[in-house]
Amino acid sequence: MKKILLEESEMPTQWYNVMPDIPNGIAPPLDPLTKEPMGPEKLAHIFPMGLLEQEMSDQRWIDIPQEVQEVLHIWRPAPLIRADNLEKALGTKAKIYFKYEGVSPSGSHKTNSAVAQAYYNKREGVKRMSTETGAGQWGSALAFAAHKFGLECKVYMVRVSFDQKPYRKSMMNTYGAEIVASPSNDTAIGRQIRKEYPDTAGSLGIAISEAIEDAMGREDTKYGLGSVLNHVILHQSIIGLEAKKQLEKIGEYPDVVIGCCGGGSNAAGIMSPFITDYLEGKKIRFVGVEPASCPTLTRGTYAYDFGDVAKQTPLLYMYTLGHDFIPPGIHAGGLRYHGMSPILSAMVREKILEPISVHQLECFEAGRLFAQTEGIIPAPETCHAIRAAIIEASQDLNDPKTILFNFSGHGMLDLSSYDKFYAGDLHNYDYPEEDITNAIKNLPKV
Ligand SMILES: Cc1ncc(COP(=O)(O)O)c(C=O)c1O
């Protein structure tokens with residue numbers, strides 16, 4: 001069977017919270033000033049309580065509000081598709097399945113959390129949300145969701161993407177959001193960085209600082225983050241829950257589950273519902289794929305660090321390349337964040353998740369092969385997961401293993417990156433050892 005579909009009535013009505021199941025738990029966020037563990041009340045000026053409760057929850061199952069389910073029904077349940085044409089092209093006996101998250105209105109998994117976040121903000125009387133976006137996927141997801149719940153939305157878009165992806169801007173405009181290139185003149189931190197580095201391409205760490213400053217400066221505004229945090233991963237668990245049901249329908253179970261890792265949300269989202277099985281002794285592997293140019297999990301340090309450049313966020317215990325990391329502009333993908341979700345970081349610490357890094361040229365090559373065999377053009381981030389699936393399927397061509405990967409988003413608004421790849425303008429880049437050593441020196445002392 002090519003496509004395994006679920007009825008609308010079969011969409012999960014509860015999210016699965018993996019936090020209570022992570023062996024040895026997750027270290028709490030710390031107050032950036034006092035370095036003491038931080039309770040929800042301290043974060044209440046930037047996030048609504050509904051999301052903060054989820055952030056700290058030890059409940060395994062949390063109901064998806066009816067209003068959120070109704071919006072998710074626009075595209076969910078998302079299809080699970082067998083990449084049998086890719087299998088043939090590789091000459092492998094492995095079965096490759098992908099969960100196709102590109103069907104969402106904004107084109108990626110990010111919409112799953114955007115809808116939930118907009119809902120909880122609306123419920124608590126918030127009028128406006130501020131956020132950052134790297135490649136534009138999260139910004140367009142939140143722009144859509146905010147509009148659905150009647151909220152205004154302001155997006156700080158990393159300069160390099162702002163210049164390279166005009167149609168992401170058109171999309172956010174269509175949903176009624178306001179967009180500025182980050183660093184911008186609209187915030188104090190933005191103005192300061194522009195003065196110091198007039199030609200900067202920006203970074204997610206800078207854009208996060210601007211969006212938080214925006215939210216802290218206005219009574220009517222709260223901030224939304226598209227990855228990293230526990231509540232985002234909770235919302236993304238719907239991906240794995242659906243995929244598990246779909247595989248059950250055809251009597252399959254994955255030997256390996258793969259996700260690309262930026263801040264960790266799509267990978268943790270598809271993996272988390274399978275983790276309980278793993279902990280109960282089921283044989284299953286988890287592979288997280290990151291770019292060699294931003295090797296957070298494979299070469300970063302496991303420590304408390306800030307989530308942004310301006311050091312406004314709580315300290316999170318995670319793998320990090322240092323909060324002052326500015327990624328090389330040559331990389332096309334959106335996986336360029338210095339940190340990683342504490343949940344995924346703890347999964348690496350516990351040796352549940354195997355992290356690997358891959359170079360971007362092999363990823364675009366994998367994306368092209370996927371498009372030519374399966375028809376769908378993947379986002380550059382997704383190409384990393386495809387590359388890993390190809391590596392898994394090619395290790396032993398006679399091994400009939402079952403591979404499941406998360407197809408996190410389509411690449412229809414990333415075609416300029418493909419053009420650069422074809423023109424030979426993209427290069428591989430290994431993050432220098434020296435920068436890793438230097439970044440460790442600037443980690444906050446806890
Ligand atoms: C299509 C797509 N996949 C993956 C990612 C990585 O984010 P995360 O690790 O939170 O899933 C992004 C981030 O922008 C994205 O747009």
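Colleague: Over how many bridges do strand E10 (residues 256-260) and strand E11 (residues 285-291) pair?
Modeller: This is a predicted model, in which local features need pLDDT of at least 70 and side-chain atom pairs count only at pLDDT 80 or more, while totals for chains, interfaces and linings use all residues. Residues are numbered from 1 along each chain as its sequence is written. Strands (E, at least two residues) and helices (H or I, at least four) are DSSP runs numbered from the N terminus, and two strands pair if DSSP finds at least two bridges between them. Val257 has Phe286 in E11 as its bridge partner, and the parallel pairing of E10 with E11 runs over five bridges.

Colleague: In what order do the strands of the seven-stranded open sheet stand?
Modeller: The pairing in this sheet is mixed. Its edge strands are E1 (3-4) and E14 (353-358), each of which pairs on one side only.

Colleague: Which residue of E15 is the bridge partner of Ile258?
Modeller: E10 and E15 pair in the parallel sense over three bridges. E5 also pairs with E15 in the parallel sense, over six bridges, and there Lys99 stands opposite Asn406. For Ile258, the partner in E15 is Phe405.

Colleague: Is E15 largely enclosed or left open, and how many of its six residues are buried?
Modeller: A residue is buried if 20 or more other C-beta atoms lie within 10 Å of its own, exposed if 12 or fewer do, and partly exposed in between, with C-beta atoms placed from the backbone. E15 is largely enclosed by the rest of the structure, because the number of its six residues that are buried is five.

Colleague: At about what angle does helix H16 run to E10?
Modeller: H16 (380-395) lies across E5 (95-100), E10, E11, E14 and E15 (402-407). Axes are lines fitted to C-alpha atoms, for helices over the stretch in contact (C-beta atoms, placed from the backbone, within 7 Å), and angles run from 0 to 180 degrees between N-to-C directions. Relative to E10, H16 runs at about 150°.

Colleague: Which residues have the most contacts inside the largest nonpolar core?
Modeller: A nonpolar core is a set of buried Ala, Val, Leu, Ile, Met, Phe, Trp, Tyr and Cys residues joined through C-beta atoms within 7 Å. The largest one has 127 residues. Leaving aside neighbours within four places in sequence, Ala389 is in contact with Ile96, Ile258, Ile403 and Phe405. Those with the most contacts inside the core are Leu142 and Ala389.

Colleague: Which residue of E7 stands opposite Met129?
Modeller: E6 (residues 128-133) pairs with E9 in the parallel sense over three bridges, where the partner of Arg128 is Thr221. On E7 (residues 152-158), the parallel pairing with E6 covers six bridges. Opposite Met129 stands Cys153.

Colleague: Which helix gives the largest share of the shell around the ligand?
Modeller: There are 21 residues around the ligand, a residue being near if its C-beta atom, placed from the backbone, lies within 6 Å. Gln137, Ser227, Gly262, Asn266 and Gly409 come nearest. H6 (137-148), H12 (265-279) and H16 each give two or more residues to the shell. The largest share, three residues, comes from H12.

Colleague: How many charged residues does this shell have?
Modeller: Ala, Val, Leu, Ile, Met, Phe, Trp, Tyr, Cys and Pro count as nonpolar, Asp, Glu, Lys and Arg as charged, and the others, Gly among them, as polar. The shell has seven nonpolar and 13 polar residues, and the number of charged residues is one.

Colleague: Is Pro20 buried or exposed?
Modeller: Pro20 sits in the loop between E2 (14-16) and H1 (40-43). Not counting residues up to four places away in sequence, Pro20 touches Asp58 and Arg60. With 11 other C-beta atoms within 10 Å, Pro20 is exposed.

How values were computed: Contact = placed C-beta atoms within 7 Å.
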